[in-house]
Amino acid sequence: MPHALAARPLPIVIVGHVDHGKSTFVGRLLYETGSLPEGKLEAVKASSERRGMPFEWAFVLDAMQSERDQGVTIDTTQIRFRSKLRPYLIIDAPGHKEFLKNMVTGAAKAEAALLVIDAQEGAQEQSRRHGYLLHLLGIREVAVLVNKMDLVGYSAERFGAVAEDFRAYLADLGVEPKAIVPISAREGDNLTRHSPRMPWYQGPSVLEVLDSFPYAALPVDRPLRMPVQDVYKFDQRRIIAGRLESGRLQVGDRVLFSPSNKTARIKTIEAWHVPEPPAEAVAGQSIGITLDEPIFVERGEIMSHESDPPLLTNVFKARIFWLGERPLVIGANYKLKLATTEATVVVEAIEKAIDTAELRPLPPEAIPRNAAGEVVLRSKRILALDEYRSNPRTGRFVLVEDFIPVGGGTISMEGYPDQRQLLTVRASNLTAVGHAVSRAARAARNGHKGGVLWFTGLSGAGKSTLALALERELFAKGYHVYVLDGDNIRGGLCRDLGFSPEDRAENIRRVGEVAALFADAGFIAISSFISPYRSDRQRAREAAGENFHEIYVKADLAVCEQRDPKGLYKRARKGEIKDFTGISAPYEPPENPELVVPTDELGLEDCIALLLRYVEEHFRL
Amino acid sequence: MDHLDALEAESIYILREAKAKLDRLAILWSLGKDSNVVIWLCKKAFFGHVPFPVLHIDTGKKFPEMYAFRDRYAKEWGLSFIREECPPLEATDPTLPPAARSAARKTLGLKAALAKYGFEGLILGIRRDEEAIRAKERIFSPRDESGQWQLKDQPPEFWDHFMTSFPKGTHVRVHPILNWTELDVWKYTRREGIPVIELYFAKDGKRYRSLGDQDITFPVPSTADTLDAIIAELESTKIPERAGRAMDHEAEDSFERLRRAGYM
């Protein structure tokens, strides 16, 4: 660690089940390291005597009257102490279930954690829940303290049993504890030096464990991200203010603002009361910049370099923890706060709900208080964000309900495409050439309007069967009609595309544009693609401009899987096909389709009849 | 970035969040070292400007040096300065011990000022390391309709997402230097050259570590008569900062009661 940072206190959170001795541990550690303020021990001893209560080390920490009265820590607190190596900030978090929100408040600030477990009781509900939350909060440096060894006769066997049980639980979460230390906080065993009462323990003391935790490094080497906090007009300067969450920045850099997709060059980095104006800035700094062009930028946008921008999307997956009194439910709206942006999101799906105390699945209809889960969230507008694994600072968010933060989550885009390419208009210097032949003239000659019948549905729902049958029928009736499907698109126009979420989205974008051209030429274009994402279908609708008809070819996943005409579901279930819609990638059903064709309820004849009636009604002049 | 840079960056972030999200904001200026740092950080955050009114709730019992400092720097720093007087002692809760009762005048004065100007938010220079109850504070800390602090039921606050919208009739306390220590404040004051009231420097073997009303604030033994000496003293002392503040020590829960009722 560079010497300049050596004076920074390392924030450590102490977590664990209620009454397992967290505050006692902290009180005793302060005493052992000579960190208690003068008179504190005497004052607390005197106060205990006055109340006729036996002295507890925890009393030096529990500050509220009700905390001392009940012997329970209610809210998180912070205490400083210093080892020979460096200073520490100890965050004591409450272990009672009722106060989990306070535990989260405390733990989220930490860079490492000590999880305290009672040797007599072993791991309890909150031990496991806290272990889970540490993981979700992104704290990877964890050590376990098996406390109250004095009450189990300093038994190596008992220690081994408790340690192994909890090691196995943490392993399920993917957490490997740095150390598991047997201690007695009350008696001071193994806190700052090895206890002669546990000669069988060869590992480090708690203080040695603490000194072995690394500082979390500032993400200076990740791509640049500066969420815009505000725009100020001071002294004729228009200053864009924000904090560099990651990366670095120099005067002269070309930067991109997302989601507005505007670019400009950094003209100056502004600062007050500094020897000279800065020429660069790095992650962690709160800065202000001016640009070489007067582009309109507002709070909530993320500034990056052009070469490595954040993702753009209006839908994403998230692992969340829930603190709200009311459970999180499908269809509910919450305010999302992500970096400096705010947006209303709706819970589109709950893929998993987990009881974090037992790592047990819950029914995926709701995520109750203090549970965790995996959800799909959709926002009305496009958001700029990152996946948590590539940039934690712009890949995590808080959900707010009735003014109060009720949950937090980390973002995954697994199965969802980056919408940036689709939203970026590259050929902005083209002007549309007006055709001499109007749509109306074409329709008049053909006897019907042009338009798009956009079939969407799961693989095996019957899209192609219906599309080809309908084409035949309409052609026989004199319609100009053409089917766009995988066979005539994938082999040519989209030969360069694979099946990743991005490529599939691009495939659908091209089909949308081609369908729009057919419609413009007076044809009825029938497109037959799964087209699983609402945002893609919306773009196809916008490309067509008018006379776009979303036809939901509807059949239950179970029915489609049973039909499995090409054997694809079987292969997807075996894991041979990645990102298979309905199995390992999402299908977003239409919200307001123009027509639903339920192929699992109607026979082919009836489906075609339904479609023919619909076309006669909407296309015939 | 060193530790002071990191603290400064966090405080600037908090102040800018407050400005972006809250409409009617004021800074509470107690004239002490902490609120002076807060004003300085505002100038850092807003490029030489302090874009909020600066409010002094005057008990009328401060040291003359403090009033002189106030009058000078309100001008020099270009502050939009507001002075409000506190109600008399008789208006306070008579069950409080005497010094706490005296301090409670400030709470009442503050409530009256909030009502008068309709502030939604108040920026204060309190720190966690000052006092165990303050250690539990949030950076954005809501107060209910009656100005009370619900310290047993505070909202969660994590990942730098603060509570920035509130039901009508409530207000929020914003604490930009909550995570600083007394030592950080002095080191930053030295680095930046922030002006300091001379009462903090030792005279005749005593100095003030914390400044309040004349009658309930006492100097502690010290020979630290320069910033360097103060910093050296604090690096080794085990005497708590508020040892000279009588109101903290009259009863075990004095400070908790004061703060619940809305004391800063």
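Author: Some ground rules: residues count from 1 along each chain as its sequence is written, chains are lettered from A and ligands numbered from 1 in the order in which they are written. The model is predicted, with local features needing pLDDT of at least 70, side-chain atom pairs counting only at pLDDT 80 or more and totals for chains, interfaces and linings using all residues, while side-chain values use heavy atoms, without hydrogens and water.

Reader: Fine. How is chain A divided into domains?

Author: The bounds come from an automatic or database domain assignment. That assignment gives domain 1 (3-212), domain 2 (226-305), domain 3 (313-414) and domain 4 (440-619). Taken over C-alpha atoms, the centres of domain 1 and domain 4 of chain A are 60 Å apart. The C-alpha trace of chain A spans about 100 × 65 × 40 Å along its principal axes.

Reader: And what does the secondary structure of chain A come to?

Author: You get 16 helices and 28 strands in chain A. Helices (H or I, at least four residues) and strands (E, at least two) are DSSP runs, numbered from the N terminus.

Reader: Why is Cys560(A) called buried?

Author: Buried means under 20% relative accessible area, exposed means over 50%, and partly exposed is in between, using a 1.4 Å probe and protein chains only. Cys560(A) has 0%, so it counts as buried. Cys42(B), also at 0%, is therefore buried as well. Over chain A, 57% of the 621 residues count as buried.

Reader: On to the rings. How many aromatic pairs are there over all chains?

Author: A search of the whole structure finds 31. Rings of Phe, Tyr and Trp (its six-membered ring) pair if their centres lie within 6.5 Å; planes under 30 degrees apart count as stacked, over 60 as edge-to-face and the rest as tilted.

Reader: Then why are Tyr552(A) and Tyr587(A) called stacked?

Author: Their centres are 6.2 Å apart and their planes are at 25 degrees, so the pair is stacked. This pair links distant parts of the chain, 35 residues apart: Tyr552(A) is in strand E27 (residues 548-554), and Tyr587(A) is in the loop between helix H15 (568-573) and strand E28 (595-598) of chain A. Tyr552(A) is buried at 13% relative accessible area, and Tyr587(A) is buried at 14%.

Reader: What makes Phe158(B) and Trp159(B) an edge-to-face pair?

Author: The angle between their planes is 75 degrees, with 5.4 Å centre to centre, and that pair is edge-to-face. Both Phe158(B) and Trp159(B) are buried. Elsewhere in chain B, Trp29(B), Phe69(B), Tyr73(B), Trp77(B) and Phe81(B) form one aromatic cluster.

Reader: How do you know that Arg620(A) lies over the face of Tyr479(A)?

Author: A charge sits over a ring if NZ of Lys or CZ of Arg is within 6 Å of the ring centre and within 35 degrees of the ring normal. Arg620(A) lies over the face of Tyr479(A), at 4.5 Å from the ring centre. Likewise, Arg86(A) lies over the face of Tyr215(A), at 5.0 Å.

Reader: How many residues of each chain are in contact?

Author: Contact means heavy atoms within 4.5 Å, and 76 residues of chain A are in contact with 54 residues of chain B. Between them the chains bury about 5500 Å², 57% of it on carbon and sulfur atoms. Buried area is the accessible area (1.4 Å probe) that two parts lose on being put together, summed over both. Gln229(A), Trp272(A) and Phe403(A) supply 14% of the area that chain A buries against chain B, more than any other three residues.

Reader: Why is Gln236(A) called exposed?

Author: Its relative accessible area is 83%, so Gln236(A) is exposed. Gln236(A) also has a positive phi of about 65 degrees although it is not a glycine, and lies in the loop between strand E7 (226-234) and strand E8 (237-243) of chain A.
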